[in-house]
Amino acid sequence: NLKLLDSLLQEMRIIFRPLLAWSTKLVQPVGPSRHLSVDVMSRRLGYTQYGDPGEVVSLEEENMRCDLQPEQVLAKYLVCPVNPADINVLQGTYPIRPALPATGGGEGVAEIVAAGAASQLQPGDWVLPARPMSGTWRSHLVSEDSHWIKIRNDIPAISAATMMINPCTALRMLLDFVTLSPGDWVVQNGANSGVGQAVIQIAKTMGVKTVNVVRDRKDIDQMKQKLTDMGGTIILTEEELRATQMWKSGEVVRPVLGFNCVGGPSSTEMCKALADRGVHVTYGGMSRKPVMAATSHMIFKDLQLRGFWMGQWNEREGRSRARMEMYSHITELVYKGQLDPPNHKFVMLDDYKEALENTLKGFLPAKYVFKME
């Protein structure tokens, strides 16, 4: 896939330096037991209280100097995205509240620079943090093996860095609530979100058709074309969804599954669209309004209203086979060119205020992603 290869080559030029240079500069054997000594200047976005991200977050530098224990590794983060949930954590409004002082960020990909004698990881391995909101906005981290989950390292770093939350949420919702068959329909609002775009692409690989609902905007025609090119079957604005007769006329089969990240009236319209005994899954609430279903939807259509949170699923699963297979599935789709990363804008840690201030604003053209060098 030429598009995937070009993206990978660009990131290799941006991100990588020879691994031996890192090993020689940062880690040296010490003494007859060949302990590895770490001496590196680390940078991170830290905070000591919850509040306005622009006020509570600061760029900090610290010298990391220690000996690696047998099951410890030195990891260098490559790229780390800025997600809306990361901002909510800083504000103190997210269900997960890291112990203070803390480092911001919950997603990213790192490369192992050095590994202790008993470590299961090796220099050059790519890894993802095993726990949610573990503090990824940093250049380096010394940690135990158990902090990480190894993934393949032959895909674009931006895809690896942004796979844990949005694509995995999309995959789990497509697999865990209804047994979908090729030709089945799924409806979703917020279709241009990170999860929405992943739903479109993954559903396409399953032969599942999608009705994708977005807010109206100035460039709506370009937006519709973008989602269509991605694999979306039908693209509608919220207003068009309310007015459509395609289900009543029988032109289109009603969806058996719906994904809601908006709430309010949009969630009610999805209930109207779903087939009898359909499943309505809420994974977000961008409108900050409650999910609303009419009494008739519950009695006469026998709908199920469910919820999904990726962080909770990961905590329940731990290092289960299902979780490892999920990451393998996602990275295989990326490798085959069937799952593209979101539109993104690389920024350095020094420019963190721009990223933090703008991430929660609507109609962003690209996701902010910290590039660590």
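These legends walk through several close-up views of one predicted protein model. Residues are numbered from 1 along each chain as its sequence is written, and side-chain values use heavy atoms, with hydrogens and water left out. Because the model is predicted, local features need pLDDT of at least 70 and side-chain atom pairs count only at pLDDT 80 or more, while totals for chains, interfaces and linings use all residues.

**View 1. How confident is the prediction?**
pLDDT is the predictor's confidence in each residue, on a scale from 0 to 100. The protein averages 92, and 90% of the residues score at least 70. Residues 12-24 are another story: there the pLDDT is below 50, and this stretch has 25 contacts in the model beyond near neighbours in sequence. A contact here means heavy atoms within 4.5 Å. Where pLDDT is low, the predicted coordinates should not be read in detail.

**View 2. The largest nonpolar core and another one apart from it.**
A nonpolar core is a set of buried Ala, Val, Leu, Ile, Met, Phe, Trp, Tyr and Cys residues joined through side-chain atoms within 4.5 Å. Buried means under 20% relative accessible area, exposed means over 50%, and partly exposed is in between (1.4 Å probe, protein chains only). The largest core has 47 residues, and V109, W126, M173, I202, L257, F259 and V281 have the most contacts inside it. Take I202: leaving aside its neighbours within four places in sequence, I202 touches P167, A170, L171, L174, I330, L333 and L339. In soluble globular proteins, nonpolar side chains tend to be buried together.

**View 3. Helix 7 meets helix 8.**
Helices (H or I, at least four residues) and strands (E, at least two) are DSSP runs, numbered from the N terminus. The axes of helix 7 (residues 194-206) and helix 8 (residues 220-230) come within 9 Å and cross at roughly 35°. Those axes are lines fitted to C-alpha atoms, for helices over the stretch in contact, and angles run from 0 to 180 degrees between N-to-C directions. Which residues of helix 7 meet helix 8? They are Q197, I200, Q201 and K204, and their partners in helix 8 are K226, L227 and M230.

**View 4. Helix 4 and the loop after it.**
In helix 4, A85, D86, I87, V89 and L90 are buried. G92 follows helix 4 and has a positive phi, near 85°. In the loop between helix 4 (84-91) and strand 5 (102-103) you'll find P101. A cis peptide bond joins L100 and P101, with omega at about -5°.

**View 5. Two arginines with positive phi.**
Most residues other than glycine have a negative phi, and most peptide bonds are trans. R277 has a positive phi of about 65° although it is not a glycine. R277 sits in the loop between helix 10 (264-273) and strand 14 (279-282), and R277 is exposed at 64% relative accessible area. R288 has a positive phi too, of about 60°. Look for R288 in the loop between strand 14 and helix 11 (295-299), where R288 is exposed, with 76% relative accessibility.

**View 6. Salt bridges, one by one.**
A salt bridge is a side-chain nitrogen of Lys or Arg within 4 Å of a carboxyl oxygen of Asp or Glu, and the structure holds 17 of them. R131 and E315 form one, at 2.8 Å from N to O. This pair links distant parts of the chain, 184 residues apart: R131 is in the loop between strand 7 (126-129) and strand 8 (140-144), and E315 is in helix 12 (residues 310-317). R131 is exposed at 52%, whereas E315 is partly exposed at 40%. D176 pairs with R172, the closest N and O atoms being 2.7 Å apart. D176 and R172 both lie in helix 6 (residues 166-176), 4 residues apart, or about one turn of the helix. Finally, R152, D154, E332 and K336 are linked in a network of salt bridges.
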